[in-house]
Amino acid sequence: MAELAAALSIQAMAMLVPGPNQFLLLTLSDRGPATRLSAVVGIATAGLVFSTGACAAIYFAGEATSERAFLLLNVLGSLFLIYLGARLLVATAASKLPDERMPDDTPRRQLAAFPSGFLVNIANPKSAVFFGSVFATTLPLAAMTPPDYAVVVLLFFMNSVVVHGAVSGAFALPAMKTVLRARRRLITRTSALVFLVFGVATLVHVALKVAR
């Protein structure tokens with residue numbers, strides 16, 4: 001239990017460090033609760049994939065297969081980050097930022113936030129490092145049974161939902177939204193650059209791993 005509590009605490013602290021996930025939630029701060037929750041669940045689901053893959057790799061000793069699957073997901077997520085960053089830069093350059101008061105009554109708009117959250121986090125090197133090192137080494141995964149894995153994976157999923165949900169909620173506070181709106185163009189450009197840098201860096205990392 002001590003190892004589990006320590007790993008969950010480390011995950012919570014790591015999730016509070018600024019990165020692509022936080023910048024995505026920042027860009028969604030003017031959306032409604034359902035859209036923001038959809039993005040949060042998408043982020044947490046990517047973590048679910050990472051944690052499940054780490055458990056499966058240890059249980060089945062299939063590290064090579066898991067690594068190839070993760071590399072593919074990294075590429076897809078990186079391409080989405082590059083696309084998202086480029087789209088935001090084009091929008092700011094053309095003075096066509098999305099309507100900051102866009103209503104949140106369309107299920108399609110709400111559901112679209114889920115793959116955005118998933119793809120941004122699946123390409124997030126911070127998440128890959130956490131689940132490939134801290135998660136896999138802090139917890140006694142080799143001594144666990146499949147039911148234990150299920151409980152651990154669910155706990156880390158819920159931890160992600162709670163922490164990212166709190167961050168998203170903080171960004172959506174009226175006082176915070178007033179500040180964010182005043183600096184909306186700067187924040188959008190900064191977010192775009194973060195997405196582009198992380199996307200390109202992850203693609204380079206994957207290319208180097210494949211070339212070895």
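Q: In this predicted model, which residues of α9 are buried?
A: Start with the cut-off: a residue is buried when its relative accessible area is under 20%. In helix α9, that label goes to Arg184, Ile187, Thr188, Ser191, Ala192, Val194, Phe195, Gly199, Thr202 and Val206.

Q: What distance separates the end C-alpha atoms of α9, and what span should its residues give?
A: Helix α9 covers residues 184–211, which makes 28 residues. At 1.5 Å a residue they should span 40 Å, and this agrees with the end-to-end C-alpha distance of 40 Å.

Q: Which residues of α2 and α9 meet, and how many of them are charged?
A: On the α2 side you've got Pro20, Phe23, Leu24, Leu26 and Thr27. Across from them in α9 sit Ile187, Thr190, Ser191, Val194, Phe195 and Phe198. Sorted by class, the contact has eight nonpolar and three polar residues, and the charged count is none.

Q: Is Leu26 buried or exposed?
A: Leu26 belongs to helix α2. Its relative accessible area is 14%, and the cut-off is under 20%. Leu26 is therefore buried.

Q: Are α1 and α7 roughly parallel or roughly antiparallel?
A: Helix α1 (residues 2–16) and helix α7 (residues 146–171) have axes that come within 10 Å and cross at roughly 30°. The passing is right-handed. Angles under 35 degrees count as roughly parallel, so α1 and α7 are roughly parallel.

Q: What residue classes make up the contact of α1 with α7?
A: α1 brings Leu4, Ala7, Leu8, Gln11, Ala12, Met15 and Leu16. α7 answers with Val152, Leu155, Phe156, Asn159, Ser160, Val163, His164 and Val167. That gives no charged residues, four polar and 11 nonpolar.

Q: How far is the C-alpha of Pro115 from that of Ser38?
A: Pro115 is in helix α5 (residues 107–122) and counts as partly exposed at 37% relative accessibility. Ser38 is 77 residues away along the chain, yet the C-alpha separation is 8.6 Å.

Key. Residues are numbered from 1 along each chain as its sequence is written. This is a predicted model: local features need pLDDT of at least 70, side-chain atom pairs count only at pLDDT 80 or more; totals for chains, interfaces and linings use all residues. Side-chain values use heavy atoms; hydrogens and water are left out. Axes are lines fitted to C-alpha atoms, for helices over the stretch in contact, and angles run from 0 to 180 degrees between N-to-C directions. Helices (H or I, at least four residues) and strands (E, at least two) are DSSP runs, numbered from the N terminus. Angles under 35 degrees count as roughly parallel, over 145 as roughly antiparallel, 65 to 115 as roughly perpendicular and the rest as oblique. A crossing is left-handed if the near helix is turned anticlockwise from the far one by less than a right angle, and right-handed if clockwise. Contact means heavy atoms within 4.5 Å. Ala, Val, Leu, Ile, Met, Phe, Trp, Tyr, Cys and Pro count as nonpolar, Asp, Glu, Lys and Arg as charged, and the others, Gly among them, as polar. Buried means under 20% relative accessible area, exposed over 50%, partly exposed in between (1.4 Å probe, protein chains only). The expected span of a helix is 1.5 Å times one less than its number of residues.
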